[in-house]
Structures are given as structure tokens and as C-alpha cells.
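Here's a friendly look at one structure, with a few of its contacts picked out. Have the 3D view ready as you read.

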Amino acid sequence: MERLLLLQHLPRRSTMRSHPKPAVEAAFLNVQDAATYLGISVNTLYVWRHRRQGPPSFRMGPGGRVMYRRDLLDAWLNEQQQADSRSNPALNPLSKAPQQRERRRAV
């Protein structure tokens, strides 16, 4: 009976493993964290970097570790969204008035 009462007062394992969130979010992300942030694979991010297609990155420190700035990732995502006609009504071809064809004049 005493053991049962002790077990009821112990914290659950899930609460023991939870880590407190950092007060400040990192301004720089490594490749793994940037890929997670963007929701893509690490390999895709490396391929984009090699082809110079993806978000801007740079090498930091003596080891030359590839890093991404969080604010530039957000700006790049915004550019991608604005360049897509499905999310930018100004680029949607269906929102424009149809163009009139010029009539050929008989000679």
C-alpha cells in the first residue's frame, strides 16, 4: 500500500524527459536544423546549395561549417511564395482580363 502511494507521487517519464525551450531562438542554423526548419531533407538542401538554387548559406568558423541565417531562410521562403501563381493572385493568369486579338485587315 505504501509503495502504491509512492508511485502515484513520482513524475511520469514523459515529463522527466521534456527539455525546457530556449529563451532565445538560434539566429544561425546548421544544415540539419535548416532542413528541418524548411521541411525538406538534408540531401535536398545540399543539392540546392551545390546548384546555387536554394536559400543563401555560408561557411562559418575554422572548420568551414555550412550555416544558414534564420531571417534569410524566412525571406527566401517568402520569395518562393510570392513567385508562385497559386499563392500570389497578381501572377494568376485567370485573374487577368483576356486579351483581344488584332483583326487582320484585308488587302
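What follows covers a pair of packed helices and then the aromatic pairs.

## Two helices side by side

Keep in mind that this is a predicted model. Start with helix α3, residues 31-38, and helix α5, residues 70-82: they pack at an angle of about 35°, and their axes are 11 Å apart. The crossing is right-handed.

Who touches whom? On the α3 side you'll find Ala34, Tyr37 and Leu38, and they meet Arg70, Leu73, Asp74 and Leu77 of α5. Sort the residues of this contact by type and you get five nonpolar, two charged and no polar.

Searching the whole structure turns up two aromatic pairs. One of them joins phenylalanine 28 and phenylalanine 58 edge-to-face, at 5.9 Å centre to centre with 80° between the planes. These two sit 30 residues apart in the chain, phenylalanine 28 in strand β1 (residues 28-30) and phenylalanine 58 in strand β2 (residues 58-60).

Phenylalanine 28 is partly exposed, at 39% relative accessible area. Phenylalanine 58 is partly exposed too, at 27%.

## The tryptophan pair

Next come tryptophan 48 and tryptophan 76, whose ring centres are 5.5 Å apart; their planes are at 50°, so this pair counts as tilted.

How values were computed. Residues numbered from 1 in each chain as written. Predicted model: local features only at pLDDT ≥ 70, side-chain atom pairs only at ≥ 80, totals over all residues. Heavy atoms only, no water. Axes fitted to C-alpha atoms, helices over the stretch in contact; angles between N-to-C directions. Helix = DSSP H or I, 4+ residues; strand = E, 2+ residues; numbered from the N terminus. Left-handed = near helix turned anticlockwise from the far one by under 90°. Contact = heavy atoms within 4.5 Å. Nonpolar A, V, L, I, M, F, W, Y, C, P; charged D, E, K, R; others polar. Phe/Tyr/Trp six-rings, centres within 6.5 Å; stacked < 30°, edge-to-face > 60°. Buried < 20%, exposed > 50% of the residue type's maximum accessible area, 1.4 Å probe, protein only.
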